[in-house]
Amino acid sequence: MAKDTPPRWDRRMQQRLARGEAAALGELYDRFASLVHSLAHRVLDDDDAADQVTREVFGYIWENPDAYDPKQGNLRAWVARLTQRQAVHRLRQSEAEAYAERGEGSAEELEQKVRRASVAARADYIVTSMPTPLRQALELAYFQRRDYRQTAADLGVTEDEARRRLRLGLQLLSTANTRPLEGSSPPGSYGRPL
């Protein structure tokens with residue numbers, strides 16, 4: 001399960017990165033590398049490409065620590081957004097190159113593939129960035145196949161609270177397919193790098 005970070009930690013980390021503290025980058029990498037790699041892998045379905053996106057995302061963060069705006073959300077959510085953008089860009093680029101080389105498929109198929117990967121990545125992002133109580137309830141219900149009564153018992157909350165958390169979590173998750181992936185490009189373009 002991913003860890004939430006307090007806003008104070010986010011601001012201090014940004015300040016440390018802005019001062020050029022290599023130890024800060026190492027700490028950030030230790031905390032978020034698995035999130036970045038798993039989101040990139042979810043989009044690209046390729047370990048090598050996910051590794052490359054991971055390097056690019058942390059390189060971008062190192063070079064542009066001031067690009068993070070704490071008013072827009074926590075550092076973890078920002079890192080996830082950067083990852084999604086870069087992974088979608090890389091997917092569009094590689095699929096467009098493959099299309100040009102083989103001449104197989106169509107622009108519509110390319111967009112459909114990118115859309116499916118974007119929706120999956122957005123769902124992952126939503127789950128990883130939602131508040132811990134909602135995420136815990138969804139993880140119990142989905143991965144451990146608990147109903148709301150069992151979820152309530154496991155979390156030590158009332159059944160009404162467990163139902164509320166599950167409902168809110170599912171409502172957030174349902175937006176994955178209805179809203180465009182933040183930072184994705186419109187159909188017909190091939191994404192934008194970090």
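Select Arg145 to begin. Arg145 is exposed, with a relative accessible area of 73%. That is past the cut-off for exposed, which is over 50%. Arg145 sits in the loop between helix 6 and helix 7. Now check its backbone. Its phi is positive, about 55°, although Arg145 is not a glycine. Most residues other than glycine have a negative phi. Keep in mind throughout that this is a predicted model.

Go to Asp45. Asp45 is in the loop between helix 2 and helix 3. Its phi is near 55°, again a positive value in a residue other than glycine. Is Asp45 buried or exposed? Asp45 counts as exposed, at 63% relative accessibility.

**The whole chain**

Zoom out and colour by secondary structure. How many helices and strands are there in the protein chain? There are 8 helices and 0 strands. Read along the sequence, the pattern is α-α-α-α-α-α-α-α. The chain has 194 residues, and buried residues make up 39% of them.

The protein chain exposes about 10,900 Å². Carbon and sulfur atoms supply 48% of that area.

**Helix 1**

Select residues 7-18, which form helix 1. Helix 1 has 12 residues. From first C-alpha to last it reaches 17 Å, close to the 16 Å expected at 1.5 Å a residue.

Now show side chains. The buried residues of helix 1 are Trp9, Asp10, Met13, Gln14, Arg16 and Leu17. Look down the axis of helix 1. These buried residues fall within an arc of 165°, so they line one face of the helix. An α-helix has 3.6 residues a turn, so residues three or four places apart point the same way.

Turn to the face of helix 1 that points away from its buried side. There you find the exposed residues Pro7, Arg8 and Arg12. What do the buried residues of helix 1 pack against? They pack against helix 2, helix 3 and helix 4. Just after helix 1, stop at Gly20, which takes a positive phi of about 85°.

**The core**

Hide the surface and look inside. The largest nonpolar core has 43 residues. Select Leu28, Phe32, Val43, Ile61, Leu75 and Val79, which have the most contacts inside this core. Which elements give two or more residues to the core? They are helix 1, helix 2 (22-44), helix 3 (47-63), helix 4 (75-102), helix 5 (107-129) and helix 6. Colour domain 1 (1-110) and domain 2 (130-180) separately. Both domains give residues to this core, so it lies between them.

Centre on Val43. Leave aside its neighbours within four places in sequence. Val43 is then in contact with Ala87, Val88, Leu91, Ala117 and Ala121.

Select Gln84, in helix 4. Gln84 counts as buried, at 2% relative accessibility. Draw a C-alpha to C-alpha distance from Gln84 to Ala40. They are 44 residues apart in sequence and 6.8 Å apart in space.

Move to Arg81, which is also in helix 4. Is Arg81 buried or exposed? Arg81 counts as buried, at 9% relative accessibility. The cut-off for buried is under 20%. Draw a C-alpha to C-alpha distance from Arg81 to Tyr125. They are 44 residues apart in sequence and 7.6 Å apart in space.

**Helix 8**

Finish with residues 159-174, which form helix 8. Helix 8 has 16 residues. It reaches 22 Å from its first C-alpha to its last, close to the 22 Å expected at 1.5 Å a residue.

Select Ala162, Arg165, Leu166 and Gly169, the buried residues of helix 8. Seen down the axis, they fall within an arc of 95°, so they line one face of the helix. These buried residues pack against helix 6 (132-143) and helix 7 (148-155).

For the last stop, pick Asp160, which lies in helix 8. Asp160 counts as exposed, at 52% relative accessibility. Draw a line from Asp160 to Tyr148. They are 12 residues apart along the chain, and their C-alpha atoms are separated by 8.6 Å.

Terms used:
Residues are numbered from 1 along each chain as its sequence is written. This is a predicted model: local features need pLDDT of at least 70, side-chain atom pairs count only at pLDDT 80 or more; totals for chains, interfaces and linings use all residues. Side-chain values use heavy atoms; hydrogens and water are left out. Helices (H or I, at least four residues) and strands (E, at least two) are DSSP runs, numbered from the N terminus. The expected span of a helix is 1.5 Å times one less than its number of residues. Buried means under 20% relative accessible area, exposed over 50%, partly exposed in between (1.4 Å probe, protein chains only). The arc is that of the directions from the helix axis to the C-beta atoms. Contact means heavy atoms within 4.5 Å. A nonpolar core is a set of buried Ala, Val, Leu, Ile, Met, Phe, Trp, Tyr and Cys residues joined through side-chain atoms within 4.5 Å. Domain bounds come from an automatic or database domain assignment. Accessible areas come from the Shrake-Rupley method with a 1.4 Å probe; for residues, only the protein chains shown count as cover.
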